[in-house]
Amino acid sequence: MLAQATQGEWIDTYLDQYRRRELLRFLTCGSVDDGKSTLIGRLLHDSQTIYDDQLSAVRAASLKHGTQGGELDLALLVDGLQAEREQGITIDVAYRYFATPRRKFIIADTPGHEQYTRNMATGASTCDLAVILVDATKGVLDQTRRHAFIATLLGIRHLVVAVNKMDLVDYAQEVFARIREEFTQFAAKLQVGEVHFIPISALRGDNVVHESAAMRWYRGAPLLDYLENVHIASDRNLIDLRFPIQLVVRQDSAFRGYAGTISSGVLRRGDEVLVLPSGNRSRVQSLLTVDGPADAAFSYMPVTVTLEDEIDATRGDMIVHPNNVPHLEQELEAMVVWMHEEPVTPGHDYVIKHTTAVAPAKVTEIRYRINVNTLHREPCQRLELNEIGRIRVETPRRLALDPYVRNRITGAFILIDRLSNATVAAGMVLDRDPGEAILPRRGLASTNGPTAEDWARRVGQQPVAIRIAASNAEVLAADLRLALFRSGYLAKVLGEAASGDAEALSALLNEVGAITIVPVTREGEDALIEVARPGPEGERGSVTIEEARAETIHDYLSEHGWLRSTR
């Protein structure tokens, strides 16, 4: 019994240690026949993470499909599809899992052919690091540059350039140095944090798991040692709380929980939170995890959140901290990798899926495409399969967006064909009003400073002054401001604090694009609503509404064109 208890404790201790190991997701990419699958097979083989039955199956497959003359073909460990083995290439993304005492790893083996670029982009979308293989006998090729660009576009901050097949060039240091210089010049054009170079021979095992006796001139660590020690903890976003609601849990009439996975940031019990796009506020009552109640939840943790107040929140809404909110947008600009045989042209309708939110969407403009060989921008009217370009998308639903460079979850989306339900594009949201968009599109109307038109473009709305005269004017004004916020408009109520200067202050705020609401108390059951655009020649309008509510005032403003977005 004591031996059984000791064995059980050992297993529990091992599993707990395994669970606590840091996880590194990485992919192998590069041009055709650069040795990506062989490298993964060598990593698994030399780190002794292959089961005996798997090794036996690969030995048998090597006799039939191998490319090493009957010798063990390690590439067959990951090239499992019949078409892959027959052609000796990778077609689909293959995932392999292994662990060392220092780290857990998930490897994505991606195809090298240009026609399968979309598969490579899919594999790269969740990775922390990319191993880009370069054939030492061929050097840096167009597909090498393409994959390096896509990897950095998808937010991968760590690149390892593995110069493979060094055995075919007699392990020559000058070949490695030439390739390193050529790639370094190209990488200077990319937004990448770190580039590391390692000369290897995946077939022979040089510098993969063990140091190479044939390349004493290389002073660095082997590939596996680098993967075990590369620092990725600072890549996580622990500042911006983003919690997309995936499911509303009602196990009984007394329980309402909001389930999902925290995309970024930290959520603690007792935190004040804001639900977007409604703008409702509450506090976190409890955090429920698979291990029971918790005081805090972090990035990538699945959790169920209960709030102190009964508020309207559903799938697709997002919980954030009140002083750290994403952009609420119905129009966005993004870089996309086009993944469908049918090209995209302006005016096409799709479905956009962003975190847990799904909405209709329309591509309204194609700004340019990227020449992945030169990284130059080229004007175009359409994007073809596997092309990368910048587009503008509109949707009737307000989405809670962050720039992709800041948050890889809330800055990412996919476009889906409405008829076939096929994923046609993967998109990365660009920061709002980037300089290159402002210069040709949003230049100042006057050299003497921003005009009212410039301010309207900047804040994304046409200014208007709203005067509410009613017995409950203060309440109507506050409720209307909240209704406008939920519709994507920013408004300021000028009440008692503004005293007699409310009209003058309203005019000043209108000049910088604000919507102002001035409540005036008067007797009577109806409400007089007066609306005016800024300036002496601005539009004017008024209406009397019986039993007025914020919703009816909002409907009047919307139906008569007083609410106008400039985004």
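Accessible areas here come from the Shrake-Rupley method with a 1.4 Å probe, and for residues only the protein chains shown count as cover. By that method, the protein chain exposes about 27,700 Å², of which carbon and sulfur atoms supply 49%.

This is a predicted model, where local features need pLDDT of at least 70 and side-chain atom pairs count only at pLDDT 80 or more, while totals for chains, interfaces and linings use all residues. Residues are numbered from 1 along each chain as its sequence is written, and side-chain values use heavy atoms, with hydrogens and water left out.

**Stop 1: the whole chain**

Start with a cartoon view. The secondary structure comes to 13 helices and 28 strands. Helices (H or I, at least four residues) and strands (E, at least two) are DSSP runs, numbered from the N terminus. Of the 567 residues, 50% count as buried. Buried means under 20% relative accessible area, exposed means over 50%, and partly exposed is in between (1.4 Å probe, protein chains only). Among contacts (heavy atoms within 4.5 Å) between residues at least 6 apart in sequence, 69% join residues at least 24 apart.

**Stop 2: strand E1 and its partners**

Select strand E1, residues 22–30. Two strands pair if DSSP finds at least two bridges between them. E1 pairs in the parallel sense with strand E3 (residues 103–109) over seven bridges, and Phe26 stands opposite Ile107 in E3. E1 also pairs in the parallel sense with strand E4 (residues 129–135), over five bridges. Look there for Gly30, which stands opposite Leu133 in E4.

**Stop 3: the nonpolar cores**

A nonpolar core is a set of buried Ala, Val, Leu, Ile, Met, Phe, Trp, Tyr and Cys residues joined through side-chain atoms within 4.5 Å. The largest one has 47 residues, and Leu27, Phe149, Ile156, Met166, Phe183 and Ile388 touch the most other members. Helix H7 (residues 173–187) gives the largest share of this core, six residues. Now show the side chain of Phe183. Not counting residues up to four places away in sequence, Phe183 touches Ile132, Val140, Thr144, Ala148, Val161, Val195 and Phe197. A second, separate core of 28 residues includes Leu24, Leu44, Phe105 and Ala162.

**Stop 4: Met339**

Move on to Met339, in the loop between strand E17 (327–338) and strand E18 (349–354). Is Met339 buried or exposed? Met339 is buried, with a relative accessible area of 9%. Leaving aside its neighbours within four places in sequence, Met339 is in contact with Arg118, Ala121, Thr122, Leu385, Thr423, Val424, Ala425 and Ala426.

**Stop 5: salt bridges**

Side chains of opposite charge can pair when their charged atoms come close. A salt bridge is a side-chain nitrogen of Lys or Arg within 4 Å of a carboxyl oxygen of Asp or Glu. The structure holds 28 salt bridges.

Select Arg269 and Asp295, whose side chains meet in one of them (3.0 Å, N to O). The pair links distant parts of the chain, 26 residues apart: Arg269 is in the loop between strands E10 (267–268) and E11 (272–276), and Asp295 is in the loop between strands E13 (292–294) and E14 (296–297). Asp295 is exposed, at 54% relative accessible area.

Next, select Arg397 and Asp317, which meet at 3.7 Å, N to O. This pair is 80 residues apart, with Arg397 in strand E21 (residues 388–401) and Asp317 in the loop between strands E15 (302–307) and E16 (318–320). Arg397 is partly exposed at 24%, whereas Asp317 is buried at 8%.

Finish this stop with a group. Glu331, Glu333, Glu365, Arg367, Arg390 and Arg392 are linked in a network of salt bridges. Within it, Glu365 and Arg392 meet at 3.2 Å, N to O.

**Stop 6: helix H13**

Select helix H13, residues 550–559. Which of its residues are buried? They are Ala550, Ile553, His554, Tyr556 and Leu557. Seen down the axis of H13, these buried residues fall within an arc of 160°, so they line one face of the helix; the arc is that of the directions from the helix axis to the C-beta atoms. An α-helix has 3.6 residues a turn, so residues three or four places apart point the same way. What covers the buried residues of H13 includes strand E24 (464–470), helix H11 (473–486), strand E27 (526–532) and strand E28 (540–546). Just after H13, look for Gly561, which takes a positive phi of about 75°.
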